[in-house]
Amino acid sequence: MRHGGTSESSADATKSVLVTRALSMMQGGRYAESPPCFVSDVIIARPGRAFDVESRAGRAFSGARRAWSASRTERNAASERTPHPPAEILLSSSNNTATPDRRADGSPAGIRLAVSYAISRLGVCGPRRVAHRDRGPVMKANVSGYLSRLRKITSYKDALLEAVANSIQACADVEPENAEITVEIRLKLQAEPTRKGHPTNDRPIESIRVTDNGEGFTDENFESFCTMDTDRKAARFGCKGIGRFLWLKAFRKVVVESVYRASSGEKYFRRFEFSTSDIENESTRKAGDDEAVRTTISLQSMIDGMEQTHDVTAEEIVHLIIGHFLWDFASGTVPKIRVVCAGESLCANDVFEGMRLAATEKQTFNLAGYDFEFLQQTLKFKSKNGLRPGIYYCAGGRVVCKASTALDPKIESLMPDADGADRMFLGLVKSRVLDELVGNERNVIEWGTEGSDDHPSEKAILKRVEEICSEYLKTEFERLAVKSNARLQEFVDTEAPEYKAFLNRRRDSLYVRPDASVSDVREYFREEFHKYERAERREVDDWMAVDWSGEEAESKIRELSERIEPILARDLVKLAASRRFYLRMYEKAMSLSEEGGFRKEKAIHSLLYPMNTDDRLAVGTDKQNLWLIDERLTFVHCLTSDQRTDRAALKLFAVGTADNAGELYIIEFKRPGHDDCDLDENPISQVLDYVDELRAGGVTAADGTEITGADKLPIYCFIVAHITPTLRKQCRNSGLQLGASGDYFFGVVNGVYFEVMSVNSLYKKAKERNHALLTAAGLDNP
């Protein structure tokens, strides 16, 4: 029914509610300037029926309006605003006797709560069941559904930090020296077994209590708490209105108990429970004189999966709080926070002061019309405190995330002092634009696409921050440069000699953390060298394309050589380093015993060239090590093989293809046998017989291709065998010359160049050649 249209004879009109402001018009700042008005069309929904507010309440309302008018004249004369006039909730019993039941402070929030309280007394389920006929039903809230859309958390720590954040904000108007917060971690008396039933000594958390002496849950604050996505704290604290819901991501129930002072000056005690079932069991009473203004948030019944994997300590929680509220600690605006756990009590403020090595330095700057504050702080480094050096973004006074974009890496390094002790630098960036860009769940800054918005880019912010840091940390940067250079040199000397020339040329522009691991340094060198090589080769290609006539030719050649030298040296040393590895493998194969057959020869053969393989596609140049025999064999491929005897096998290699070869190479791996070999087993004779067939066209490649022009091609033969007395005699009889080391022969027989060598002489010659590569690259050690 509409205003004034209710009937006193209505069968259901047995109770009345008097309110002094329409619910749809309640605005906190406007109430004292507007007369109270009566709402007669509030519908109270009950299962299966509804009833209107009795019109007798309207008659009583006129008295309240006259009282307001009289007080308004008095307020105007005083030119100041007085507390809201009290609101009375009148509950009529069946005999129509109106009985005052409760008074609120008269504020809009107080009136809403009073109405809610009256409705609950009438047997309905709270304000969500109240509607205006003109506006239709009010949308209901589903807490569980809301929680499902929030980010997944895996620890109770997120909920704890949100509770502490609530307390810090509540203490914002308390004198800093008087503001206090206590975080109490209550552990269960006995350890519990793991899910798999294994025993454990860890005592799980029973509950977390966060108590503060801040403003408390006044009517306005409680109304804001009951409003999803409220923006009550947005302007002042940059809040998103979802923090309290994270409590329920880690705990099943939250109990809030608060003693607060109303605008009338009176103290009240409010208690309620918060869970996925919504806000329940809310009650309010006047507080006693001995009850201090204080609020306790109790997080209870931890959800499975949120448990810690070790015993929680007060120190751990203190460092967690310091890291999250670092801006407040560094700026000195944080209340006194004490953590109590397992009989230990620590003051977070004292712990932070013990870590602080210098006073916080504050800088301000402006970008794109936004003001920024930048705090610079150096702290003692402790690996267990969870803090790491670098630049951090802050929003709403809390650390959101660490800057991930590339910075001067020295900023993110541990910085030695004059005595060599490590300390860390923390830079904290705060701005209204970060409050606007922070994600709803406060774990990321949502920059968007660069250039698409009017706010400054992250790159621009960090560039300005780096400029400030470079001046503030000038001495520390110089010390870091010395330590970095030593780390780079150590890595090159012991792990990667191929980067020596590159390091010598770019030493001043390279930097790694002094404590960087070998893998980190290797990856850093790879990335930096790749960038250098790409830029220099492009530059060289451009220079090669222009005219070099005139007197500039000599200087250009010199400059190009200097530019390309680190790249060529790196390639050369990398090749030498790779070959050194295979030389070590060859040396290991040589150490094998002869027991159980010819293990040594098989191992060496496999190292030089995979056994029983003739397919040129299966064995590329990266899978064979014929360079151990001779450098000319580096890029050959196998054409075919020939098993001459059970103790000797020939392999034919070519530079080019079978029908268009440039050079032919024959390699014979001779197994050890009897010392007294007859003439038919003479390896030199066997090779010459094979060459005759080859030159006559009697040998085809493994794929059937005819080997053409062999009679006009240079042919080289390498025989790897034990240099026995008989073999020595055969080499001399063939006209081969003994090498300087006395363990190999060489020479030309019937137009074929021969080298006959032992496995030991092969190794020594390969090692000497590799040493020459390293020397050519400017390295001293083979």
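Which residues of α8 are buried? They are Ala314, Ile317, Val318, His319, Ile321, Ile322, Gly323 and His324, where buried means under 20% relative accessible area, exposed over 50%, and partly exposed in between (1.4 Å probe, protein chains only). Keep in mind that this is a predicted model, where local features need pLDDT of at least 70, side-chain atom pairs count only at pLDDT 80 or more, and totals for chains, interfaces and linings use all residues. Residues are numbered from 1 along each chain as its sequence is written, and side-chain values use heavy atoms, with hydrogens and water left out.

**Helices α4 and α8**

- Helices (H or I, at least four residues) and strands (E, at least two) are DSSP runs, numbered from the N terminus.
- Helix α8 (residues 314-324) and helix α4 (residues 157-170) have axes that come within 11 Å and cross at roughly 65°; axes are lines fitted to C-alpha atoms, for helices over the stretch in contact, with angles running from 0 to 180 degrees between N-to-C directions.
- On the α4 side, the contact (heavy atoms within 4.5 Å) uses Lys157, Leu160, Leu161 and Val164, while α8 brings Glu316, Ile317, Leu320, Ile321 and His324.
- α8 is mostly covered, with eight of its 11 residues buried.

**Around arginine 271**

- You'll find arginine 271 in strand β9 (residues 267-275), and its 25% relative accessibility is why it counts as partly exposed.
- If you skip neighbours within four places in sequence, arginine 271 touches Val255, Val256, Glu257, Asn281, Glu282 and Ser283.
- The C-alpha atoms of arginine 271 and phenylalanine 217 are 9.2 Å apart, though the two residues sit 54 residues apart along the chain.

**Salt bridges**

- There are 32 salt bridges in the structure, each being a side-chain nitrogen of Lys or Arg within 4 Å of a carboxyl oxygen of Asp or Glu.
- One of them joins the side chains of glutamate 266 and lysine 286 (2.8 Å, N to O).
- Glutamate 266 lies in the loop between β8 (251-261) and β9, and lysine 286 in strand β10 (residues 278-286), so this pair ties together parts that are 20 residues apart in sequence.
- Lysine 286 is exposed at 54% relative accessibility, whereas glutamate 266 is partly exposed at 33%.
- Another salt bridge pairs lysine 362 with glutamate 373 (2.6 Å, N to O).
- Through shared partners, salt bridges join Glu533, Arg537, Arg570 and Asp571 into one network.
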